[in-house]
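Here is a brief report on helix packing and strand pairing. The model is predicted.

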Amino acid sequence: MKFGPASPVDAIGGVTVHTLRQGSLVLKKGTTIGPAEVEALTKAGVKEIVVVRLEEGDVSEDEAAASIAQAVAGEGVNVERAFTGRANLFAAQAGVLVVDRSAVDRINGVDEAITFATLSAFKPVVEGEMIATVKLIPFGVEGKLRDAAVAVAGKNTLRIAPYVIKRVGVVSTLLPGLAPKVIDKTLRVTAERLAPAGASIIAERRVPHDEADLAASIKELLGLGAELVIVFGASAIADRRDVIPAAITEIGGAIEHFGMPVDPGNLLLIGSAGGVPVLGAPGCARSPVENGFDWVLMRLLAGLKVTRAELTGMGVGGLLMEIVTRPQPRVADIEANRNVVAIVLAAGRSTRMGGPNKLLAEIDGKKLVRIVAEQVLASKATEVIVVTGHQAELVEQALAGLNVKFVRNPDFAGGLASSVKAGIAAVPENADGAIVCLGDMPLISAKLIDQLIETFAPDRGHLIAVPVSDGRRGNPVLWSRRFFKELMTLDGDVGARHLIAKHAEAVAEVAVDGQSAFLDIDTPQALEAARRG
């Protein structure tokens, strides 16, 4: 292939290397020079233009790209017409992309002029999705290089494995404390995972977390025609001899592999019974966020066997993300995860009260802020931090004699967020969490605070504890240390409700009766109502 400058007349038959703009003339890159182009170039005063010309034995970029693309396209793959040296490949059907990596590497190793890129191997794809592209760098290439690339492309270098499993059975095991709504949500999430594959849950069973009961349910689902059985354990699988693997072997099944180097997704189990795959799902499979369970599930739905070697080879790239609900390291004493500090927000200006500081108003002869502080002190909170700002001296005087730590917020006029940040910044480093209390909520009780602290369980992914009544969420809210950085980004006169919504998987709700978690004194009318009881 010849490359270089030429006069317009001498450039006839060549292809432009760069887009040329001169006056009103625009000659795009890749244009073949003919008489009309020569006339336009001469009229525009162009004396020289850079072109390439194919020599004997060369093939054009489009021809080369198309040949290689056709050679690598296997079952379920369509090749688009090549243009500008590029041939794109698309999925002709929904399924899982199967790639022969060694063949891809061989093609890319032929010459720097030839490139072949694909999506990640085993990625679930939909019909019409672009899955790969062959791109020629120069405008042409020696025919022998094109032939070499075609020769090293193995059969089905790239193919789509269509989804073949359509009937799925699900078993959920039960232990005290596992709410039915958790299982209901798990089923919804699972159905959504299966939908792109055209698969559905044909039956679901809920049984005690017991080997015999689970074995009977798996056997029942197999009898109903399930082509895949997924078991969601109320307790994570800890060993090959645990309840879920034991139930599989009890019905004559086999455990093929336990554990995978993908996080989240470590505690996944692959087994089989009667020739049907049985999956012991890790806890993260209850979440819609991609995790290691997805990697295995979609392959199985496409009829692809997941071998031990393939599982153990998933480590590179297997750290998917840091999820807040991932359990913290085990501790001998669960109370070690409940070093919770209380923060009482008492810095506001009481603007809606029309003048007086509501925190200094009295109910039954006791100032409002002191009522709240005393209840917090009577709880299991290990320390109490009171954030002051507006009339700080008076508020601190109202709490005289109480074992609290005062933190002044100089930016209190900026709104609630500044007080939250001041309180969080003062929490000791050894605290596992902080419960944020509002100083104007007189019905908050030590009992309610203790309920939130008892519900807070980092080892089970319960990282935000919130009081709830009739679907309505109230205050105070207990936050794991994992969210402190996000709490420090709050701004203005708003709280952290959006963070609760963002981290819904980490929220544990505490059912409460009455108005204790909802009554705050914002107006004179509310104060009078509280005084009347």
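## Helices α6 and α7

Five residues of α6 meet α7: Glu-211, Ala-212, Leu-214, Ala-215 and Ile-218. Their counterparts in α7 are Val-243, Ile-244, Ala-246, Ala-247, Ile-248 and Glu-250. By class, this contact holds 9 nonpolar, no polar and 2 charged residues.

Two packed helices are described by the angle between their axes and the distance between the axes. Here α6 spans residues 211–223 and α7 spans residues 243–250. Their axes lie 8 Å apart, at an angle of about 55 degrees. The two helices are therefore oblique to each other. Their crossing is right-handed.

## Helices α3 and α4

Helix α3 (residues 101–110) and helix α4 (residues 143–152) cross at roughly 170 degrees, and their axes come within 8 Å. Angles over 145 degrees count as roughly antiparallel, so α3 is roughly antiparallel to α4.

On the α3 side, the contact uses Ala-103, Arg-106, Ile-107 and Val-110. On the α4 side are Leu-145, Ala-148, Ala-149 and Val-152. The contact of α3 with α4 has 7 nonpolar residues, no polar ones and 1 charged.

Strand β26 (residues 433–438) runs antiparallel to β29, joined by 4 bridges. Strand β27 (residues 464–469) is also antiparallel to β29, with 2 bridges. Which residues pair with Leu-478? Ile-435 stands opposite Leu-478, and Ala-465 has Leu-478 as its bridge partner.

Key
Residues are numbered from 1 along each chain as its sequence is written. This is a predicted model: local features need pLDDT of at least 70, side-chain atom pairs count only at pLDDT 80 or more; totals for chains, interfaces and linings use all residues. Side-chain values use heavy atoms; hydrogens and water are left out. Axes are lines fitted to C-alpha atoms, for helices over the stretch in contact, and angles run from 0 to 180 degrees between N-to-C directions. Angles under 35 degrees count as roughly parallel, over 145 as roughly antiparallel, 65 to 115 as roughly perpendicular and the rest as oblique. A crossing is left-handed if the near helix is turned anticlockwise from the far one by less than a right angle, and right-handed if clockwise. Contact means heavy atoms within 4.5 Å. Ala, Val, Leu, Ile, Met, Phe, Trp, Tyr, Cys and Pro count as nonpolar, Asp, Glu, Lys and Arg as charged, and the others, Gly among them, as polar. Two strands pair if DSSP finds at least two bridges between them.
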